[in-house]
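Subject: Structure handover

Hi,

Here is the structure I promised to pass on to you. Please open it next to this message, and I will walk you through what turned up.

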Amino acid sequence: MIALNNTAISIVIKRNPNIFAALTFLWRYWIVALIFGSVVLFMQATLFLGNAANGEYKLSNTVYFVDDGETANFNDILSLSEERWKVTQSLRFKPTNGKVWLRVDVPKHNESSILLRFKNPLLDIVDIKLVGQSEESGKEQTIIAEYQAGDLRPFADRQLALPNLVIPLDVSQQNTTLYISASSKLSIELGFGLWSKKGFLEFNDHLTILFGIVFGYMLALVCYSLMMYATIQKTEYMWYGLYLGGFLLHAMSLSGFGFQYLWPQGVGLQAVMGGVSISLTYLCLVKFTQMIILSASRVHNLTFNTFIYFHLVLSGLSLISLNPVFLKFHMIAVILTLFSMPILCYAISKTGSKVARFFIFVWIVFLITSLIVILGRLDLIALQLEHIYVLFIGFHLETLMIGLALIYGYRVRHLHTLEMKELALHEKEKSVQSKDQILQLQQDAQSKLKGQVKAQTVQLEGALDKLSLASSELELIRNFDGLTGLPNRLAFEESLKGLSKSSINMGDALCVVVIDIDHFKKVNDTFGHMAGDECLRAFSALLKERFHGNDYTYCRFGGEEFIVATILPLQQVKEKLEEFRIAVQALEVSYGGHTISFTISSGVFSKHLINIADSRELLSKADGNLYLAKQKGRNLVVA
């Protein structure tokens, strides 16, 4: 029953070309499916957490006030008229003097305390005041609690030791209002969510698991790269590991985990670490790209080194001064690098570097990801996801693409090394054979002085035998193709002369067929030239099988092109070629775990000859019909 079902399923798949083509694509390009699937899963996880970060309680209205210098203290804020407060749907601000006030009415709930969590972990100064209005006092407002937080204050001052700012609020009174004051030198992102304790713990567990997986993934890549460098001493692994470590440091600084675990007392370091870490990341990635591509151009290498030292100087100045003003310079350096590197890789790819083509796409992914984050930080675009999630998605894509580039680059180098080793081994064997022959001759000469004449005669006879054998081998090489075993072009031309004489003497038309394997370059590019050679051998064996006998003569004319000549009638030849075309279409060549199929196009021309020189015209006409077969879509016989 199972075998019957499997047979039925295979029949359905083969009869439906779309399903069969899709399955074939997935089988051959499984890495593409893996990349796509992993990115989709990660995006689903980030979208889920991004939506969940809005909190359990929905806000009835949100208003904000940008301080213009007239409001001196909080009592002035409380006394502001309602007309001064403006309703906003966005919690992203560019205040005129670097400070903004928010007023939020806490929604009704059954909890005595709730948790306020800010989505953006990079907030310089945040002051929170919880104001209550009891039913007995009417409209009189009293401050229930005050809280202070932000990256410009030590991490130990936070009420809850978490990477994001999380404030427990006492909301035992029925009517409470939340006033939030924030200040920053850049744009201010004040997105937040309100939670119950139980809901927040559940959300924080999911968030911690996600960050643990991502950071663990990054750390594993760092350790692997550095271990590979220590093992095989390839410097590109060291730079790749440093790039991964720099990105891990950048992700930890953006997510707040770096401030929590690595530099909790370094308030100044927290202010510049985002810029320093991204510059170090791009420094290492530019150097890694330079070492993998290996351009011989001095101009290209000078461009690489310029960006490397640019990022290095900026990082050093930021660490020495701990001044956030360098953040803008870091952004400028990153943007220049992002736009320059794809162009540089494209220029290098034009010189013949295939690995450079991979890095064009790697840097384009970097460009798109980083631009989205930078434009979001500058409030030029509105992101539904937090910036760190966009970086994670981009990093995942970049890592997989760099891995593909490394695999391809090392494969090319490995094949080149194998070719050089085989050549060196062959030369060594020839040298050893020559030395052995010289030693043998010396020993024979010393031990057989008396039979010198006889020995010379024996040697002469042996030399003649070798010469005869070499002459036979030379004749075989001269007339036959070494790869396919078919007659070569020279042998075919001699056979064609004899066939042309027979055609003239017998009065029969000479029929010439030119056969070409369709899209054979694609077979070589996809599966390698060794697989292409295997396909040529399989095709040649089928050609021998189908056109054997004295009625046909054939040869490998060159590359993937073959010629068959006969004096049989044209209609019989066309029927034979159609059968051969179908047989080739059904042919499957197994190589390297892949099953390779291909088709052929054939051009046929038949004519009664007047003289032997007319056979050249037949070849030209048959080649013209082959060109028509290709124009009509290939896998055809055109006569």
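Let me begin with Lys 197, which sits in helix H5, covering residues 197-232. Which residues does Lys 197 touch once those up to four places away in sequence are left out? They are Ser 113 and Leu 115. Ile 114 belongs in this picture too: 83 residues separate Lys 197 from Ile 114 in sequence, yet their C-alpha atoms are 6.5 Å apart in space.

Before you go further, please keep in mind that this is a predicted model. Mean pLDDT for the chain is 81, with 85% of its residues at 70 or more. Residues 1-6 fall below 50 in pLDDT, and this stretch makes zero contacts in the model beyond near neighbours in sequence.

Helix H6 runs over residues 235-255, and its 21 residues reach 30 Å from first C-alpha to last, close to the 30 Å expected at 1.5 Å a residue. Of those 21 residues, 16 are buried, so H6 is largely enclosed by the rest of the structure. Just after H6 comes Gly 256, with a positive phi of about 90 degrees.

Which residues of H16 are buried? Among them are Ala 531, Gly 532, Cys 535, Leu 536, Phe 539, Ser 540, Leu 542 and Leu 543.

Asn 524 is part of helix H15 (residues 520-527). Is Asn 524 buried or exposed? Its relative accessibility is 13%, below the 20% cut-off, so Asn 524 counts as buried.

Phi of His 519 is near 50 degrees, a positive value in a residue other than glycine. You will find another case at Leu 322, a non-glycine residue with a positive phi near 55 degrees. Leu 322 lies in the loop between helix H9 (298-321) and H10, and its relative accessibility of 36% makes it partly exposed.

Ile 332 lies in H10 and counts as partly exposed because its relative accessibility is 46%.

Finally, have a look at Ile 563 in strand E14 (residues 561-566). At 1% relative accessibility, Ile 563 counts as buried. Leaving out residues up to four places away in sequence, Ile 563 touches Phe 492, Val 512, Val 513, Val 514, Thr 553, Tyr 554, Cys 555, Phe 557 and Leu 619. Between Ile 563 and Asp 623, 60 residues apart along the chain, the C-alpha separation is 9.8 Å.

Key. Residues are numbered from 1 along each chain as its sequence is written. This is a predicted model: local features need pLDDT of at least 70, side-chain atom pairs count only at pLDDT 80 or more; totals for chains, interfaces and linings use all residues. Side-chain values use heavy atoms; hydrogens and water are left out. Helices (H or I, at least four residues) and strands (E, at least two) are DSSP runs, numbered from the N terminus. The expected span of a helix is 1.5 Å times one less than its number of residues. Buried means under 20% relative accessible area, exposed over 50%, partly exposed in between (1.4 Å probe, protein chains only). pLDDT is the predictor's confidence in each residue, from 0 to 100. Contact means heavy atoms within 4.5 Å.
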